[in-house]
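Here is a short report on one protein chain. Look at the structure first, then read on.

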Amino acid sequence: MVDEVRVALAEDEAIIRLDLRETLEEEGYTVVGDTGRGDEMLELVAATDPDVVILDIKMPGMDGIEVARRIARSHDAAVVILTAFSQRDLIDQAIEAGALAYLVKPFQRSELVPAVEIARARHREMRALTDQAQTLADRLEARKTIDRARGVLMDEAGLTEADAFRFIQQVAMNERASMVDVACQVLDGGRRPAS
């Protein structure tokens with residue numbers, strides 16, 4: 001594995017937890033911590049900031065689905081659910097809580113890495129979509145700000161639409177500022193063309 005992938009795991013059965021840790025480390029993952037309790041997992045995630053979190057569903061302290069839900073709200077990590085139960089409703093709850101892959105116990109060692117990598121790939125896709133949505137939202141907001149400033153310049157300074165746009169663009173280039181920053185100065189009332 002080229003890049004370090006940090007994994008935290010929660011499994012209440014010590015022998016399974018040990019097997020998971022050993023398998024992950026043999027496969028090149030860095031296990032940053034493990035626990036047998038769901039409530040302790042939240043502290044572990046906060047302290048170690050893992051890339052991947054593997055959670056058993058049935059644990060003392062807090063079940064894995066609730067832990068997954070809380071991790072999804074507060075941390076940027078891919079979640080894999082580990083369960084002895086393959087009931088559809090539990091799987092649906094896990095997905096709704098933010099799990100990106102799951103393994104049914106008893107699992108084969110050969111199933112662990114694919115589950116972790118599927119979760120990581122889905123996590124990257126979701127992050128890219130979120131970033132893209134944010135970028136589009138930012139662009140749209142910037143365009144609205146520039147359009148409002150252009151309108152103010154047309155109304156108050158008597159500029160044509162093209163001249164107002166050119167003024168914002170020219171000031172931005174001269175001052176090495178963004179057009180949005182100049183537009184905000186126009187809207188705040190301080191920036192107008194020299195008479």
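Contact, or packing, means heavy atoms within 4.5 Å. Helices (H or I, at least four residues) and strands (E, at least two) are DSSP runs, numbered from the N terminus. Buried means under 20% relative accessible area, exposed over 50%, and partly exposed in between (1.4 Å probe, protein chains only).

This is a predicted model: local features need pLDDT of at least 70, side-chain atom pairs count only at pLDDT 80 or more, and totals for chains, interfaces and linings use all residues. Residues are numbered from 1 along each chain as its sequence is written, and side-chain values use heavy atoms, with hydrogens and water left out.

**Helix α5**

Helix α5 covers residues 109–157 and has 49 residues. From first C-alpha to last it reaches 72 Å, close to the 72 Å expected at 1.5 Å a residue. That expected span is 1.5 Å times one less than the number of residues. Its buried residues include Leu112, Val116, His123, Ile146 and Leu153. The buried residues of α5 pack against α1 (14–26), β3, β4 (78–83), β5 (101–104), α6 (161–175) and α7 (179–187). Just after α5, Gly158 takes a positive phi of about 65 degrees.

**Helix α2**

In α2 (residues 38–48), the buried residues are Gly38, Met41, Leu42, Leu44, Val45 and Thr48. They sit on the same side of α2 because they cover an arc of only 165 degrees around the axis. The arc is that of the directions from the helix axis to the C-beta atoms. Glu43, Ala46 and Ala47 are exposed on the other side. The buried residues of α2 pack against β1 (6–10), β2 (30–35), β3 (52–56) and α3 (64–74).

**Salt bridges**

A salt bridge is a side-chain nitrogen of Lys or Arg within 4 Å of a carboxyl oxygen of Asp or Glu. By this rule there are 17. Three of them are shown here.

| Pair | Closest N and O atoms |
|---|---|
| Lys105 and Glu11 | 3.0 Å |
| Arg109 and Glu26 | 2.6 Å |

Lys105 lies in the loop between β5 and α5, and Glu11 in the loop between β1 and α1, 94 residues apart. Both Lys105 and Glu11 are buried.

How exposed is Arg109? It counts as partly exposed, at 36% relative accessibility. Glu26 is exposed, with a relative accessible area of 56%.

Arg120 and Glu117 are three residues apart in helix α5, so about one helical turn separates them. Arg120 is buried at 14% relative accessible area, while Glu117 is partly exposed at 25%.
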